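Have the viewer open as you read.

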There are 2 protein chains.
Amino acid sequence: MAFPLISIIGTGNLAQHLSRNFENCGLRIAELYGRNLQKAKAITSKLYDARVTSDLDFSDSEASLFFLCVSDEAIADIADELVLPKGSVLVHCSGATPLEAIARDGAAYGVFYPLQTFTASRKVSFEGLPVCLEASTDEAELLLEKIAIKLRALPYFMSSEQRLCLHLSAVFACNFTNHFYRISKDILQDQGLPFQLLKHLIEETARKTFDLGPENAQTGPALRSDNATMQKHLSLLGNHEEWKALYQKISSDIQAKNYQV
Amino acid sequence: MAFPLISIIGTGNLAQHLSRNFENCGLRIAELYGRNLQKAKAITSKLYDARVTSDLDFSDSEASLFFLCVSDEAIADIADELVLPKGSVLVHCSGATPLEAIARDGAAYGVFYPLQTFTASRKVSFEGLPVCLEASTDEAELLLEKIAIKLRALPYFMSSEQRLCLHLSAVFACNFTNHFYRISKDILQDQGLPFQLLKHLIEETARKTFDLGPENAQTGPALRSDNATMQKHLSLLGNHEEWKALYQKISSDIQAKNYQV
């Protein structure tokens, strides 16, 4: 299959990681759009020969596949302003935005949502990564599937509602989890202890939850209803009312759930 | 250094994992105590020639190092009942129990707390694992350090208060995190989606937090103050009041914290 030339709209973490991964697997980037040309140039400097533009009129572009890598709030507005060559496919990359937010008369559109946490300074591989796909036409679906496979990612077709639920579950599993790592680090720092002490524990927790299922992997004082230990923990947290509230709320949740022991 | 014979008091996950790891690195288990002889025999059946006992009088034992692997609530009571050979060292393995809970007149005592989550069905390696040590005498300290090194673990001397704080931070980083994995799985199951979809995300979150530090690794709608997405998530959680409350509380915490972006 011949792959179309691609243009990327946006200069954030996803634009950066997606464009590099596209080129690494042999796809070609024609243009990169950014309001901030400095940021756009910083990204294209790592690409083969992508042109920088701050104009949303792509009527003369050689690309026919356009990836919207902008913040969720900006997706619909930018999609409205975009002028694309006839026969192009427009794609957004958001977990929380319905496919129809970028609906266009007489043109194909789709969703390409890679389920990963992207940070500027950190290389991310798409190999084996689930990419959630949805599209307005069978041809656009097939194209997105081929792109995902070209990236060695795992294509996964789902509805906008399923994708939003997946996005919500990812917030618990990633963003909230990382916030708890932060709280752990703060507690340790107060005692002059390094966060590194928790590395084996955190890695084993992440591995174990998939090997056994989280319902079989739970341990700790809340599960055992070890009230003496929980009281000691709460009194250590005495000055941090917000952490105390979280500790109590999550411990009750754990006790209310039907965990295997 | 000649290592003493060891006896283990208890038949839980830690007793099982510790005794097997001791033997795997060349240490010898003399006896295993359990009130439930069936459970004790299940453990000793995997050991070289450890004797099972349900008697806390060890005055005739050849062991001189005794590991208390019982629930935190039982530690002090069982330590009181134990009769040990002269010159023995008694050790507990709890993160949340002070050293002094097992203080004995004229005898050495210590703490050996491996910072890991132990589940019956899952093999755990002690290689590189931090083991928190504390002891009443220099000789007992040295002995526990040698035992940790023999296990290829990472010995780490700290006070009872530091250990309790470390235990608290481990509850956030492991138990609460696993509970969030459970919530994620429940949200996905409602949509007919497999938990496995989150594997790359969860693994990358655990790796990234150590490579960048959790304060630099945070992402997501709360950090970006993306209120539209947060409102969509909250309405998806409509029927789960407890998850909604957690979502709001943790999102505000994330917004109040000074994260790098």
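## Ground rules

Two strands pair if DSSP finds at least two bridges between them. Helices (H or I, at least four residues) and strands (E, at least two) are DSSP runs, numbered from the N terminus. This is a predicted model, in which local features need pLDDT of at least 70 and side-chain atom pairs count only at pLDDT 80 or more, while totals for chains, interfaces and linings use all residues. Residues are numbered from 1 along each chain as its sequence is written, chains are lettered from A and ligands numbered from 1 in the order in which they are written, and side-chain values use heavy atoms, with hydrogens and water left out.

## The sheet of chain B

Start with the open sheet of eight strands in chain B: its order is β3-β2-β1-β4-β5-β6-β7-β8, and the pairing is mixed. At the edges stand β3 (51-53) and β8 (154-157) of chain B; each has a single partner strand, so one side of each is left without a neighbour in the sheet. On average, neighbouring strands of this sheet are turned by 25 degrees against each other, direction ignored.

Look next at β2(B), residues 29-33, which runs parallel to β3(B) and is joined to β3(B) by three bridges. Here Y33(B) stands opposite T53(B). Helix α2 (residues 37-44) of chain B packs on the sheet and touches β2 and β3 of chain B; contact means heavy atoms within 4.5 Å. The direction of α2(B) makes about 165 degrees with that of β3(B). Such angles run from 0 to 180 degrees between N-to-C directions, and axes are lines fitted to C-alpha atoms, for helices over the stretch in contact.

## Strand β1 of chain A

Now move to chain A, where four bridges join β1(A) to β4 (residues 65-68), running parallel. L68(A) is the bridge partner of I9(A) in β4(A). β1(A) also pairs in the parallel sense with β2(A), residues 29-33, over four bridges, and I6(A) has I29(A) as its bridge partner there.

## Where the chains meet

How do α5(A) and α8(B) pack? Helix α5 (residues 160-190) of chain A meets helix α8 (residues 227-236) of chain B at an angle of about 100 degrees, with axes 10 Å apart. The two are therefore roughly perpendicular, a term for angles of 65 to 115 degrees (under 35 is roughly parallel, over 145 roughly antiparallel, the rest oblique). From α5(A), the contact uses L164(A), C165(A), H167(A), L168(A) and V171(A), and from α8(B), T229(B), K232(B), H233(B) and L236(B).
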